[in-house]
There are 2 protein chains.
Amino acid sequence: MSQTFVIVGGDAAGMSAASKVKRDAPETEVIVFEKGQWVSYAACGMPYYVKGDVESLEDLVAVTPEEFVEERDVDLRLGHEVVAVDADARTVTVEADGESFEQPYDTLLIGTGAHAIVPPFEGTDLDGVFTIHDMDSARAIREALGVDAAPGADLGDMGYGAEAAEYTDMAAPDTVAVVGGGYVGVEMAEAFAAHDLEVHLFEMLPHVLQPFGEAAAEVVEDHLREQGVHLHLETRVEAFEGEGRVQRVVTEDGETPADLVVVGVGVAPNVDLAEDAGIELGPTGAIATDEYGRTSAEDVFAAGDCAEATNTVTGEPDHVPLALTANRAGRAIGQTVAGDPTPVGETAGTATVKAFDLEVARTGVIDDEEARDAGFDPVSVTITAPSRAHYYPGGSELTITMVADGPTGTLLGASIVGGEDVPKRVDTVAAALHAGMTVDEVENLDLAYAPPFSPVWDPVLTAAKVLAGKVEAARETAEA
Amino acid sequence: MSQTFVIVGGDAAGMSAASKVKRDAPETEVIVFEKGQWVSYAACGMPYYVKGDVESLEDLVAVTPEEFVEERDVDLRLGHEVVAVDADARTVTVEADGESFEQPYDTLLIGTGAHAIVPPFEGTDLDGVFTIHDMDSARAIREALGVDAAPGADLGDMGYGAEAAEYTDMAAPDTVAVVGGGYVGVEMAEAFAAHDLEVHLFEMLPHVLQPFGEAAAEVVEDHLREQGVHLHLETRVEAFEGEGRVQRVVTEDGETPADLVVVGVGVAPNVDLAEDAGIELGPTGAIATDEYGRTSAEDVFAAGDCAEATNTVTGEPDHVPLALTANRAGRAIGQTVAGDPTPVGETAGTATVKAFDLEVARTGVIDDEEARDAGFDPVSVTITAPSRAHYYPGGSELTITMVADGPTGTLLGASIVGGEDVPKRVDTVAAALHAGMTVDEVENLDLAYAPPFSPVWDPVLTAAKVLAGKVEAARETAEA
């Protein structure tokens with residue numbers, strides 16, 4: 001008898017699961033309820049659409065709804081919102097077009113994603129104030145910049161272009177404010193600068209890109225300033241003000257004019273549906289899952305930005321709302337549902353971002369306090385080294401912070417910033433983290449060398465070598 | 001009482017050991033005998049000096065003789081050749097300036113390097129025929145091209161510029177032949193093409209870059225042809241001919257004009273000194289060493305291009321005459337001699353080369369026969385995938401071959417070719433090889449994703465995913 005696999009949410013986790021089940025067990029009935037109109041889209045690409053590197057928002061869609069339905073035989077229902085789960089009865093309650101119905105399932109996947117956090121102050125509802133976590137706002141921001149947001153199409157006809165259409169006849173901005181110096185904030189600063197706008201970036205912490213560590217952040221901050229971005233660090237925004245449309249950002253230090261504002265202060269997992277159904281949340285506030293992505297409710301899985309994953313360094317639950325984690329977990333759950341139990345994989349918290357001409361990336365645990373909380377006694381080094389052989393033209397200086405546990409020498413994490421080959425160098429460190437290597441082992445990795453690509457000792461090896469020396473010295477001091 | 005550490009050979013392995021001992025145990029007397037005039041030079045940089053990317057040969061020197069002597073307190077003797085080792089008496093016989101003397105040692109390091117293989121046919125002694133394994137010939141090649149080989153200096157005054165000085169007044173070549181399609185051959189083809197010469201590349205095997213596998217080789221060959229290089233594959237060179245200076249290359253297929261020839265058919269370890277002293281060679285023909293770089297003779301170490309290293313995939317002795325292996329082993333031996341026993345590390349056979357606008361890299365075991373010889377039952381896949389998110393501008397198609405052992409799923413190796421971020425992607429695979437990961441584990445690595453740097457599933461992950469599927473399918477077939 002064919003099973004019914006119901007999926008809530010049609011983005012990375014949900015659609016990966018749907019596709020995998022239909023490939024491995026085509027007899028399974030797969031129903032996806034998506035409350036919006038977009039599926040399987042690359043949220044990470046939105047800054048590049050606003051910047052203009054990507055012409056059309058539709059380019060960000062990996063697989064269209066039609067392809068899911070016609071080629072992959074997925075029963076995809078757009079505009080359908082799941083409002084309740086009854087895990088005992090194995091049904092979900094669905095609302096669409098003002099109607100409501102019950103849908104039975106054998107297996108359920110909750111892939112409800114996350115939402116952009118809107119800060120609790122005045123003016124966030126003004127015209128010209130955006131978050132950038134859904135496709136509609138990306139379209140509206142680009143239209144607001146005076147750049148055609150849907151080349152060759154009529155926004156008014158698009159259904160989901162309504163928000164953008166409001167901006168078609170408004171004046172384009174001169175000054176924009178970006179609130180939050182995380183990935184999205186830094187990427188949006190680059191996007192706006194490409195339109196020759198005056199860009200102000202507000203961050204309440206002492207540094208941008210907090211998860212990348214202080215050394216990387218300082219290099220990025222210098223570069224942002226060189227690129228003309230006005231950085232307001234350790235500056236808490238208190239309100240947005242304006243008449244209908246935003247005109248200024250108010251902070252404790254005063255007012256900054258801004259005719260367009262993007263708020264990128266983080267995301268929070270969409271857990272209401274799960275919580276209302278009595279499904280357990282974890283310590284991070286996202287849905288608790290086991291190594292197969294199973295929740296506390298029988299035959300109910302969760303994956304993607306709404307769910308936790310296990311951190312490979314700490315062994316503890318973590319919440320890393322990034323694309324690869326979602327895609328991988330969705331695919332693994334699809335495989336499990338199709339009859340081949342498959343772990344969803346662990347996260348190393350690996351992340352990377354482009355900041356104008358710089359690349360910055362991180363993996364594992366690099367923050368001292370975070371390391372101590374996880375029971376480690378961290379030792380860290382920060383080095384700079386050239387990306388290529390000293391005599392080979394071009395290249396860039398890289399700054400690497402690498403962290404190990406002092407007593408065991410186990411590698412805990414690293415961040416790198418520089419002009420080239422940064423994320424791939426972090427990938428090597430990520431592989432070492434998954435393997436639980438010591439810094440001595442990292443120092444002895446046989447990495448690829450040729451003069452155009454690295455010094456004989458790649459900067460990753462040099463960092464490990466210096467860190468190994470420091471770990472050894474610390475151990476000798478402890479023994480003496 | 002202070003020890004005497006004698007080192008034979010002043011390049012990567014020897015000078016790394018010398019520096020490390022003097023840093024960690026400064027009381028040690030360190031004597032380095034180098035028969036030539038160059039120390040601590042980057043042989044890998046020579047093609048770029050010939051090309052013109054590197055202005056001066058001296059730029060390739062990492063640390064000068066003066067720095068070793070004055071800053072690092074190393075007793076460096078240039079023009080001193082060690083002609084015999086008496087391991088029982090713990091002495092070496094040294095020749096210099098027509099004199100000979102005995103030098104006692106407590107510990108000895110043999111770092112005699114390798115030499116370019118000169119094929120056994122007529123005409124290799126003609127003017128205009130070069131190997132590219134020492135600095136003198138690199139300088140002579142550049143002078144022969146009609147490009148000033150020593151800007152600001154007089155070749156005649158340099159001592160070691162004599163070979164180059166012969167070419168100062170000779171006519172520059174129009175057509176060059178490169179014999180051998182390995183790294184050096186491919187790099188030299190690029191170097192000569194940069195001088196607008198007609199370049200013929202001869203390779204007796206069916207493909208260039210044999211250790212990188214067929215899929216990578218084919219991509220490189222197409223690119224070399226696009227760049228105007230005349231490829232002569234499966235073509236055995238039989239002689240060089242000319243009157244005093246080379247004028248043509250003779251093959252079984254006929255004659256090709258060439259007024260300059262570079263032979264790059266590989267290197268062989270310099271083992272005569274060790275062999276004459278009764279020190280054991282290994283199965284590869286290089287000096288056998290243990291995990292600390294010790295030879296069969298007491299207190300005699302060997303490292304670098306003359307010595308074997310353990311392959312991390314097969315666990316067997318291997319001969320990988322590359323810079324990192326030499327530097328690392330030298331440094332580890334220096335540390336051991338200074339009183340802190342340190343393994344020299346294992347090799348994964350990782351290598352990379354730039355070929356015009358392409359990057360190609362490899363690690364581990366990718367050849368079917370080599371895998372079977374090592375006791376594996378290899379399963380392999382070749383995939384192509386984009387280097388960046390599908391919607392992000394630029395980027396390049398990557399071709400990846402990945403190999404695993406069928407019965408265990410253990411990763412054995414990979415090669416990658418493409419336009420960007422190739423060697424660093426191979427580094428991730430190399431780290432996985434050192435860790436002994438299965439393909440399932442590689443598939444689950446948490447690698448860095450952002451649209452400018454990779455698709456959500458990096459091509460390395462995609463290759464592992466496809467390979468894992470093939471391994472699984474093969475296992476199911478075997479069980480059925």
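Which residue of chain A forms a salt bridge with Lys424(B)? In this predicted model, the partner is Asp458(A), with the closest N and O atoms 3.0 Å apart. A salt bridge here is a side-chain nitrogen of Lys or Arg within 4 Å of a carboxyl oxygen of Asp or Glu, and the rule finds four of them across the interface of chain A and chain B. Residues are numbered from 1 along each chain as its sequence is written, and chains are lettered from A in the order in which they are written. Local features need pLDDT of at least 70, side-chain atom pairs count only at pLDDT 80 or more, totals for chains, interfaces and linings use all residues, and side-chain values use heavy atoms, with hydrogens and water left out.

Turning to the whole interface, 59 residues from chain A and 60 residues from chain B take part in the contact (heavy atoms within 4.5 Å). About 5200 Å² is buried between the two chains, 64% of it from carbon and sulfur atoms; buried area is the accessible area (1.4 Å probe) that two parts lose on being put together, summed over both. On the chain A side, Lys424(A), Asp446(A) and Phe453(A) lose the most area to chain B, together 15% of what that side buries.

Within chain A, domain 2 (129–265) and domain 3 (357–475), with bounds from an automatic or database domain assignment, have C-alpha centres 33 Å apart. Their contact takes 10 residues from domain 2 and 11 residues from domain 3. Between them, these domains of chain A bury about 860 Å², 72% of it on carbon and sulfur atoms, and the count of salt bridges is zero.
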